[in-house]
Amino acid sequence: MIEALHLTKTFRDKKRGDIRAADDISFRVSPGQIYGLLGANGAGKTPTLRLLATLLNPTGGSATVSGFDVAREPEKVRTQVGFLAASTALYGRLTAREMIAYFGKLNGLADAEIRARTQRIADELAMHDFLDRRCDTFSTGMKQKTSIARTLIHDPAVMIFDEPTLGLDVMTARAIVKFVRECRNRGKTVIYSTHVMSEVEKLCDTIGIIHGGKLMAEGTLAGLRTIYGEQDMEEIFVKIVGAEDAK
Amino acid sequence: MNWTNILTVYLKELKDSLRDRRTLLSTIIIPTLVMPLLTFGVGKVASGVIGKARSETPTVMILGGEDSPGVVARLKESKKIKVVPTSLDWKEDITEKKVRAAVQLPEKFEAGLTAGASPTVVIYHYEGEMKSSFGAGELEKFFRELREKTTTERLAERSLPATLAKPFDFKRENVAPPEKVGGNLFGGLVPYLIIILCFTGAMYPAMDLTAGEKERGTMETLLCSPVARVDIVLGKFLMVLTGSLSAMGFMLSSMGVTALVAGSLLMGGGSMAKAGAAAAASVPAGSVIPLIDPLGLVGVLAMVFPVAVLFAALALTISLFAKSSKEAQSYLAPLMIVIIMPAVIGMLPGIDLNARLALVPLLNLSLVCKEMLSGVWHWNYIAIIFGSSCVYAAVALWLAVKMFNREDVIFRA
């Protein structure tokens with residue numbers, strides 16, 4: 001379960017003054033649900049997700065992840081979260097097995113448990129061919145699989161995906177989308193940020209449209225279609241964001 | 001603080017670094033090779049150049065001397081020099097290294113010697129040019145011998161003993177034990193090398209583990225783990241410290257082996273094992289083989305430890321601020337000059353340790369190491385230096401932790 005209440009993050013910039021990267025954002029994601037955070041580049045998706053993953057500290061509002069407060073209990077929050085982003089890379093000089101084991105240990109798992117879980121995840125993701133190869137020799141698909149394995153090793157209740165398909169080829173992107181769906185099917189709480197409309201349409205149970213750090217609209221795909229009188233997600237998005245820009 | 005997590009981060013960083021050629025180069029290979037290269041490489045080249053210059057018979061010109069055929073003939077007969085025909089541009093010939101030196105014989109030089117006069121012979125050479133100074137040296141030697149011979153002949157003519165011109169003799173003898181000689185000789189150099197290698201050993205791992213991770217995108221991955229940031233920074237710090245200490249350890253081991261091999265070669269190929277302490281006993285009096293006091297070396301290692309901590313924390317803090325390895329390098333490279341300066345000042349003769357200098361970081365280390373390697377132990381200064389170094393190191397480490405908790409630093413792009 002994720003609950004954000006008036007979550008705000010302000011950065012101070014010498015040239016531009018105060019920048020509100022996340023501005024009074026409130027939403028809730030339940031287990032077994034995928035919440036899509038849809039926004040253009042620079043809309044505030046990454047800061048919002050980084051706040052939930054406790055990589056950043058909020059300057060206002062609050063949020064809880066699996067009942068733990070992101071500001072007061074960041075380490076407990078991170079035990080509950082699997083965070084996958086285009087910016088979370090792998091250690092090139094470690095093998096996939098070492099990479100997974102390292103994050104297993106950092107999550108407090110015992111060696112035997114790490115071995116068993118690695119075996120199970122490698123079976124599921126068909127990783128055995130490259131499990132003992134160094135990550136700097138991997139193709140993009142292998143890297144994504146290893147990253148997924150890294151996020152799953154501690155079996156988190158909450159999965160946060162920040163534009164995970166960015167720059168990936170169609171086949172690898174499809175595999176990621178399939179994996180996100182599987183997470184929902186396993187009862188995990190999933191939050192998924194993207195600027196790709198089709199991914200939101202295919203995946204998300206609830207969609208939040210973010211622009212200028214603010215959550216502009218929220219609802220199911222069917223609900224948004226009804227409210228804005230458009231079938232196409234792109235048209236809905238332009239209506240919401242365009243209206244805000246026109247102000 | 002969770003030591004299990006710190007150890008996990010440290011062991012991962014160690015494994016990662018051992019697979020990185022650039023880290024291995026800066027922490028193991030260069031420190032191991034620096035002393036043998038300096039001793040045998042540069043030393044061999046230098047001795048080769050000097051040997052070649054010495055083996056050459058210097059060409060000299062005689063200016064004047066038409067009325068002193070005897071001296072000119074003896075100069076021409078000398079096998080140590082080669083007399084070439086005099087030219088009008090003799091100064092230019094020396095400058096252009098066509099001849100090495102020239103000697104000006106005064107008018108009626110020979111006649112003056114017989115008459116008991118005291119004429120002045122002038123030797124011309126090119127200051128700072130090695131072969132020219134060898135040529136001038138040979139000429140000086142020739143005329144010194146001629147002067148002694150003339151003195152002896154003049155005394156004999158007057159039936160006076162030769163000891164009249166040399167009433168007594170004197171010589172120098174060393175009383176300093178070998179380790180003091182070694183301490184004085186190497187006391188300045190060893191801390192200088194230690195300081196440089198400690199810093200270079202810390203530099204590359206620090207850049208790789210912070211700015212390098214930011215650049216490669218693994219920093220965010222690591223921060224997603226539930227480990228506290230203080231544990232991450234301490235794990236990384238321990239790795240940087242390992243790099244710094246290993247650079248020093250490899251350098252000192254290599255220096256020890258080099259000294260043993262060099263000592264053995266100096267003794268004419270004797271057993272290497274005997275070349276250490278036993279060497280001093282077997283060497284004739286007056287030609288002491290310099291040794292380094294082993295206790296002094298232990299003291300140096302103890303004093304260097306907080307400085308290595310300081311370097312590791314400082315390099316980590318500065319690198320952490322940088323967005324990329326390249327930027328980190330541009331911050332750390334100038335710092336190297338700042339670090340070398342006190343080390344160089346410490347090498348200068350005449351600068352002695354006092355209470356005020358004991359508080360100046362790095363210079364205090366350089367000076368106290370020089371003393372300890374010579375067997376001098378000023379315990380009050382040692383305590384001040386160790387204590388102040390620990391304080392500086394703790395402040396630097398605290399800064400590193402503070403820096404790691406700053407979002408604008410960690411996510412600086």
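User: What makes the radius of gyration of chain A agree with that of a compact globule?

Analyst: In this predicted model, chain A has a radius of gyration of 18 Å, and a compact globule with 247 residues would have one near 18 Å, so the two agree. The C-alpha atoms of chain A fill a box of roughly 55 × 40 × 35 Å along the principal axes.

User: What else describes the fold of chain A, in helices, strands and contacts?

Analyst: Chain A has nine helices and 10 strands. Among its contacts with a separation of 6 or more, 67% join residues 24 or more positions apart. As for burial, 46% of the 247 residues of chain A count as buried; the test is 20 or more other C-beta atoms within 10 Å of a residue's own.

User: Which residues touch the most other members of the largest nonpolar core?

Analyst: They are B:Cys198, B:Ala312, B:Ala313 and B:Ala315, in a core of 150 residues. Beyond four places in sequence, B:Ala313 is in contact with B:Phe237, B:Ala393, B:Ala396, B:Leu397, B:Leu399 and B:Ala400. Another core, of 18 residues, lies apart from the largest one and includes B:Met61 and B:Phe142.

User: How do you know that chain B touches chain A, and what kinds of residues does that side of chain B hold?

Analyst: Contact requires C-beta atoms within 7 Å, so the chains touch: 18 residues of chain B are in contact with 22 residues of chain A. Helix H1 (3-18) and helix H10 (218-223) of chain B each supply at least two residues of that side. Its residues divide into five nonpolar, six polar and seven charged.

How values were computed:
Residues are numbered from 1 along each chain as its sequence is written. Chains are lettered from A and ligands numbered from 1 in the order in which they are written. This is a predicted model: local features need pLDDT of at least 70, side-chain atom pairs count only at pLDDT 80 or more; totals for chains, interfaces and linings use all residues. A nonpolar core is a set of buried Ala, Val, Leu, Ile, Met, Phe, Trp, Tyr and Cys residues joined through C-beta atoms within 7 Å. A residue is buried if 20 or more other C-beta atoms lie within 10 Å of its own, exposed if 12 or fewer, and partly exposed in between; C-beta atoms are placed from the backbone. Two residues are in contact if their C-beta atoms, placed from the backbone, lie within 7 Å. Helices (H or I, at least four residues) and strands (E, at least two) are DSSP runs, numbered from the N terminus. The radius of gyration is taken over C-alpha atoms; the globule rule is 2.2 Å times the number of residues to the power 0.38. Ala, Val, Leu, Ile, Met, Phe, Trp, Tyr, Cys and Pro count as nonpolar, Asp, Glu, Lys and Arg as charged, and the others, Gly among them, as polar.
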